[in-house]
Amino acid sequence: MDIFIPYLFFFLLLPFSIYLILFFHKEASDDTKNLPPGTKGWPVLGENIDLGLLGLSKFIRDRMEKYSPDVFQTSLLGDKVVVFCGAQGNKMIFNNDGKLVIPWLPFSLRKIVLPDFDVNSPYEDAIGLFRNFQYDILKPEALRQYIPVMDALARTHLRDCWKPHPSVKAQPLINNYTFELACRLFLNVTDPERLQKISRPFAPMRNGLMSLPIDLPWTAYGRGIKAGKMVRAELTKIVEARREEGREKRDLLSMILELKDEEGKCVSVNKITNFFVGLMVASYDSTASAMTSVVFFLAEYPHVYEELLKEQMAIAKSKAPGENLTWEDIEKMKYSWNVVREALRLVPTAPGTFKEAMADISFAGFTIPKGMKTFWTPHSTHNNPEYFPEPEKFDPSRFEGSGPAPYTFVPFGGGARICPGRTYAKLAILVMVHNLVTKFRIEKAIPHEKMVVEVMAAPSHGLLLHLDPH
Ligand code: HEM
């Protein structure tokens with residue numbers, strides 16, 4: 001039997017070897033097309049392993065140094081992708097939505113977030129419901145009414161989950177708070193058991209989104225697909241129950257249940273579920289992660305905390321006991337907002353987005369052919385000393401006066417596709433920061449705890465804080 005093993009090996013390796021030869025032959029032939037420089041990495045794996053090992057920020061920086069500061073090509077999440085870098089790349093993408101580029105989601109991401117959606121349908125169809133609605137529900141006028149809810153929930157959360165303890169692990173608490181806030185405001189879900197049922201599978205679903213798309217029960221991707229189904233099942237139950245109830249509640253779900261399509265029919269439960277999965281993915285992690293970074297930097301830099309505390313105490317003193325924050329109070333939080341923006345610069349919580357070229361694009365002397373997938377990312381400008389001197393320094397004063405140059409500070413994207421939830425995120429973060437600093441002084445329990453920026457930024461030990469009530 002043993003003598004067959006070398007032959008067996010040969011026959012197993014032969015198809016793989018042919019695949020490798022074809023792969024590298026194809027890569028070499030791409031050189032003739034004036035494509036941006038770069039490598040597609042390993043067959044199937046692409047450059048996902050490098051991305052995982054280096055983290056997005058270093059992955060991008062290394063390739064900008066090695067290939068071009070403007071644009072390079074790689075292979076991520078199972079697709080060949082051209083990555084635009086720098087302010088000019090951002091400008092080109094943001095100003096050409098619907099002309100040269102359209103949004104695109106890698107198949108692997110769709111399979112988790114929208115498993116039953118026809119993979120060949122355009123991205124627009126998948127989020128169409130949202131685009132009809134976003135400008136109404138996330139407009140400042142509509143958001144004004146959320147401030148008292150945010151304020152009351154922040155107070156209760158700090159009283160129940162932070163105050164009883166001399167030290168807390170801030171990151172998971174902030175995650176819980178942000179999740180509860182979104183579920184309350186969007187779906188009117190307040191029951192802790194129900195919240196748990198949606199939030200528990202959310203983390204594995206999110207981890208699956210940026211993992212190597214190999215669907216096996218023990219891979220992050222396989223677990224992500226399974227968790228995505230659980231999140232969907234729970235949201236579907238909520239939507240169905242509310243449709244049965246037929247009672248009007250003042251939340252986003254009630255508004256969507258009233259929507260009718262062109263034929264006068266109600267929007268299907270499936271479409272509404274898709275919408276809420278997309279909304280939770282887009283809103284929850286990025287907001288929770290931004291809030292955590294702000295608290296991280298406040299604990300790291302006492303002089304920043306003191307300056308911010310002065311501003312927040314002045315607002316607190318101008319209010320009657322128990323009186324909720326208002327839009328006007330938020331507008332007074334100028335220094336605090338600069339702190340939030342500086343945190344978002346150093347640790348951009350949204351990695352960027354994929355687009356597809358609608359036509360051949362000439363950029364920085366290269367050609368990006370029609371149909372090619374592209375990616376832009378705030379990591380390429382936020383850490384660039386050309387735009388932000390001493391980029392590693394935490395300095396909220398960068399945002400004073402006219403602030404950063406156009407297209408360099410882009411945590412929320414830009415142009416027609418700029419994040420529609422940016423004002424919601426601003427309110428949620430500032431309301432929490434107000435309540436936190438006016439109640440506690442905070443000190444890092446692990447002085448050298450670092451912010452680890454992989455795909456999503458997070459403190460290495462969950463941000464353990466000592467609390468000292470005022
Ligand atoms: C700090 C928090 C947040 C950050 C950093 C962030 C960042 C981003 C970025 C970079 C994009 C892509 C823009 C582009 O393609 O050019 C985006 C899109 C989006 N965001 Fe946010 N976001 C945050 C919070 C939220 C919240 C709270 C919501 C909802 C309430 C939300 C809803 C969306 C939606 C629906 C899109 C897709 C828009 C479209 O394709 O037209 N985001 N966000």
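In the predicted model, the iron atom of the ligand receives a single donor from the protein, the SG atom of Cys 419, at a distance of 2.3 Å. Cys 419 is placed in the loop between helix H18 (379–382) and helix H19.

Helix H19 (residues 422–437) packs against helix H9 (residues 170–187), with the two axes 12 Å apart and at an angle of about 125°. Because angles over 145 degrees would count as roughly antiparallel and those from 65 to 115 as roughly perpendicular, H9 is described as oblique to H19. The crossing by which H9 passes H19 is right-handed. On the side of H9, the contact involves Tyr 177, Leu 181, Ala 182, Leu 185 and Phe 186, which meet Tyr 424, Ala 428 and Met 432 in H19. Of the residues in this contact between H9 and H19, eight are nonpolar, whereas none is polar and none is charged.

A further element of the model is an open sheet of five strands with mixed pairing, in which the strands follow the order E1-E2-E8-E5-E3. Strand E1 (71–76) and strand E3 (101–103) are the edge strands, each pairing on one side only. On average, neighbouring strands of the sheet are turned by 40° against each other, direction ignored.

The pairing can be followed across part of the sheet. Strand E5 (residues 353–357) pairs with strand E8 (residues 373–376) in the antiparallel sense, over four bridges. Within this pair, Thr 353 has Trp 376 in E8 as its bridge partner, and Lys 355 stands opposite Thr 374 in E8. E5 is also joined to E3, through three bridges, and these two strands run antiparallel as well. Here the bridge partner of Ile 102 is Glu 356 in E5. In a regular strand, side chains alternate between the two faces of the sheet.

Conventions
Residues numbered from 1 in each chain as written. Predicted model: local features only at pLDDT ≥ 70, side-chain atom pairs only at ≥ 80, totals over all residues. Heavy atoms only, no water. Pairing = 2+ DSSP bridges. Axes fitted to C-alpha atoms, helices over the stretch in contact; angles between N-to-C directions. Parallel < 35°, antiparallel > 145°, perpendicular 65-115°, else oblique. Left-handed = near helix turned anticlockwise from the far one by under 90°. Contact = heavy atoms within 4.5 Å. Nonpolar A, V, L, I, M, F, W, Y, C, P; charged D, E, K, R; others polar. Donors = N, O, S within 2.8 Å, 3.2 Å for Na, K, Ca; no water.
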